[in-house]
Amino acid sequence: MEKQQTLLELQNVEKSFNNINVIKKINLKIKKGEIVVIIGPSGSGKSTILRCMNLLENIDSGDIIFENKSLIKNKKNIDKIREKIGMVFQNFNLFENKNIIDNLRLAPIKVKKENFDEVTKRALILLKKVELEDKKFSFPKELSGGQKQRIAIARSLCMNPDILLFDEPTSALDPEMVKEVLDVIKQIAKDGMTMVIVTHEMKFAKEIADRIIFIDDGQIVEENSPDEIFTNPKTKRAKEFFEKML
């Protein structure tokens with residue numbers, strides 16, 4: 001029953017840039033414990049939808065409900081709400097002037113006012129989880145792209161979020177580094193973390209997702225289980241996309 005609880009919901013969300021409507025009345029529910037993967041052609045609005053989920057992009061109309069609270073009505077508390085909505089970006093966004101363990105410790109200590117020793121213990125557990133415990137005193141410039149992204153994932157987890165958003169987490173990586181990052185995400189999935197992932201990695205999407213959302217031109221064209229949407233897409237647009245991608 002717990003898995004059926006709606007954790008995050010987009011209600012008639014619209015977003016425009018320069019009078020161009022890039023998100024068009026999106027309605028989407030993310031259930032607790034669910035892994036939702038958003039796919040679609042470049043420029044279709046996937047990353048914008050993701051960034052609207054925690055109001056990194058302000059929406060023009062509609063509402064976003066997180067843990068039964070409207071983000072729009074609670075904008076003044078958005079930083080507090082974002083503590084529970086982890087975000088992993090394409091380009092890591094690590095603090096270059098801080099070593100790895102300090103990158104993990106910074107937000108829990110400064111933002112959440114957590115105990116230094118408790119945060120350090122959690123950070124070391126997470127570094128071990130992403131197999132980078134030996135890099136705790138290294139600086140980001142000393143790491144490969146794949147290692148940086150694994151650190152970025154550990155940093156997000158160090159805040160103890162209720163949901164993790166991934167914005168094309170492997171798009172900035174060399175091909176040989178992609179697998180190590182995807183393996184970490186798969187492990188987090190096994191731990192029961194609720195996740196929304198924007199990706200171009202079709203094989204990974206099929207392996208990890210409970211549900212696939214296919215976006216085109218700022219709209220949800222089709223959504224279904226991975227097996228159904230990959231092998232038997234219902235819409236012409238989805239069929240065209242998968243013929244090119246698979």
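Which strand is Asn-12 found in? Asn-12 is found in strand β1 (residues 6–17).

The views below show a predicted model, in which local features need pLDDT of at least 70, side-chain atom pairs count only at pLDDT 80 or more, and totals for chains, interfaces and linings use all residues. Residues are numbered from 1 along each chain as its sequence is written, and side-chain values use heavy atoms, with hydrogens and water left out.

**View 1. Asn-12 and Asn-93 each have a positive phi.** Asn-12 is not a glycine, yet its phi is positive, about 50 degrees. Asn-12 counts as partly exposed, at 38% relative accessibility. Buried means under 20% relative accessible area, exposed over 50%, and partly exposed in between, using a 1.4 Å probe and protein chains only. Asn-93, also not a glycine, has a positive phi of about 55 degrees. Asn-93 is placed in the loop between β6 and α3, and with a relative accessible area of 42% it is partly exposed.

**View 2. Strand β9 (residues 211–216) is mostly covered.** Six of the six residues of β9 are buried. Arg-211, Ile-213 and Ile-215 point one way from the strand, while Ile-212, Phe-214 and Asp-216 point the other way. Two strands pair if DSSP finds at least two bridges between them. β3 and β9 run parallel and are joined by four bridges; Ile-39 has Phe-214 in β9 as its bridge partner. β9 and strand β10 (residues 219–224) run antiparallel, joined by five bridges, and Ile-212 has Asn-224 in β10 as its bridge partner. β9 and β10 form a hairpin with two residues between them. In that turn, Asp-217 has a positive phi of about 55 degrees.

**View 3. Ser-44 lies in the loop between β3 (35–39) and α1 (46–52).** Ser-44 is buried, with a relative accessible area of 3%. Leaving out residues up to four places away in sequence, Ser-44 touches Val-22, Ile-215, Asp-216, Asp-217 and Gly-218. Contact here means heavy atoms within 4.5 Å.

**View 4. The largest pocket holds about 560 Å³ of space.** A pocket is found on a 1 Å grid over the protein atoms alone, as an open set of points with protein on both sides within 12 Å along at least five of seven lines; a cavity is instead a set of points where a 1.4 Å probe fits but cannot get out, and lining residues have an atom within 4 Å of a point. Grid points are joined across faces, edges and corners, and a volume is the space filled by probe spheres set on the points. The largest pocket is lined by 21 residues, and Arg-82, Ile-85, Met-87, Ala-107 and Met-159 lie nearest its centre. Helix α3 gives the largest share of this lining, six residues.

**View 5. Cys-52 and Cys-158 are both buried.** Cys-52 has 0% relative accessibility, and Cys-158 has a relative accessible area of 0%. The structure holds zero disulfides, a disulfide being a pair of cysteine sulfur atoms within 2.5 Å.
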